[in-house]
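Hi everyone, thanks for coming. Let me put the structure up on the screen, and then I'll walk you through its pockets and one of its sheets.

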Amino acid sequence: MITEKIAQLTAEVSKLQAQTAQDVETLRIKYLSKKGALNELMADFRNVPAEMKKEVGMKINELKALAVERIAALREQLDEQSAESDDADLTRTPYPVRLGTRHPLTLVRNEIVDIFSRLGFTLAEGPEVEDDWHVYGSMNFADDHPARDMQDTFFVEAHPSVVLRSHTSSVQARVMERQQPPIRVVCPGRVYRNEAISARAHCFFHQVEGLYIAENVSFADLKQVLMLFAQEMFGKDTQIRLRPSFFPFTEPSAEMDISCFLCGGKGCGFCKHTGWVEILGCGMVDPAVLEASGIDSAKYNGYAFGMGVERITNLKYQVSDLRLFSENDARFLDEFTAAN
């Protein structure tokens, strides 16, 4: 009889057990699906005498509620066990996972870019594999300039006119080609030069260059921007001086020194007892560079500057060996944890 089936199924459902999620799903299909045991009871329910339908219907509903509750409890139990097993992952290392830090060159690069961004410069980037025109030709380098020699520049063998950029001035050239003044950009990036690796030199390093092109730009504008940069980077008491120099892409050109922040300009071993430390080169953009990029030099002029990120990092953190920046020594990198 149907009442005996209900009693039998109630006893079975009360004792349901499962070891896996698949077991739970199998039980759900067995008892609660369209072809499950409870649906079969509903088919038998049609033959129940009218005077018994109410009583039998209540028992079937109670059985269904019990089955739903029991299967849900089994599923929840397995989920809790799974969560506990995840917390006790036996494949994990017994040592705490160490968090990484930003590389010192990244820290200094970001700080330089941030300072010039606050002065109105926008970020510009370009390819590291460049053509000769953007690296040298557009920057007013003579055809026989020593920088074009294989002793200084890395050439791509299959394409003699393709090089690894030796300065980020190539980014400035690309900006001037596609944009008319006013132009105010700062160009960070990695550059390559064919040099022997030592404590003071490397075959690759990082630069940040800046360019400002507009009408009526003066050398005084350049000096003021560099003064603000130096004081933001090295401290409010920092002084600067500009010494005459030569670069093919600027005229007049200068190299900039800052007062030694260790001795306050009095002279020490760090500044070689001069009281000054060189940090960058700069100058007014040569008219030939503007014309090469399609900018009217009779209407516009501007200034440019460039600095080595490693050089600034050496000064800021007193790192004496350039090779440390690329050796990936965790002990060295750990020294900059507090700076992040």
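A quick definition before the tour: helices and strands here are DSSP runs, at least four residues of H or I for a helix and at least two of E for a strand, numbered from the N terminus. And please keep in mind that this is a predicted model.

Let's start with the second largest pocket, which holds about 190 Å³ of space. Which element gives the largest share of its lining? That is β6, with four residues. In total 17 residues line this pocket, and His103, Leu105, Arg190, His206 and Glu310 lie nearest its centre. Besides β6, at least two residues each come from α5 (104-118), β5 (183-192) and α10. By class, you'll find seven nonpolar, seven polar and three charged residues in that lining.

Now for the largest pocket, with a volume of about 1,400 Å³. Of its 50 lining residues, Arg193, Glu278, Ile279, Gly308 and Arg311 are the closest to the centre. The largest share, eight residues, belongs to β9. The lining divides into 24 nonpolar, 16 polar and 10 charged residues.

Finally, the sheet. Three strands form an open, antiparallel sheet in the order β2-β4-β3. Its edge strands are β2 (129-131) and β3 (155-156), each pairing on one side only. Two bridges join β3 to β4 (residues 159-164), and Val156 stands opposite His159 in β4.

Definitions and conventions. Residues are numbered from 1 along each chain as its sequence is written. This is a predicted model: local features need pLDDT of at least 70, side-chain atom pairs count only at pLDDT 80 or more; totals for chains, interfaces and linings use all residues. Side-chain values use heavy atoms; hydrogens and water are left out. Two strands pair if DSSP finds at least two bridges between them. On a 1 Å grid over the protein atoms alone, a cavity is a set of points where a 1.4 Å probe fits but cannot get out, and a pocket is an open set with protein on both sides within 12 Å along at least five of seven lines; lining residues have an atom within 4 Å of a point. Grid points are joined across faces, edges and corners, and a volume is the space filled by probe spheres set on the points. Ala, Val, Leu, Ile, Met, Phe, Trp, Tyr, Cys and Pro count as nonpolar, Asp, Glu, Lys and Arg as charged, and the others, Gly among them, as polar.
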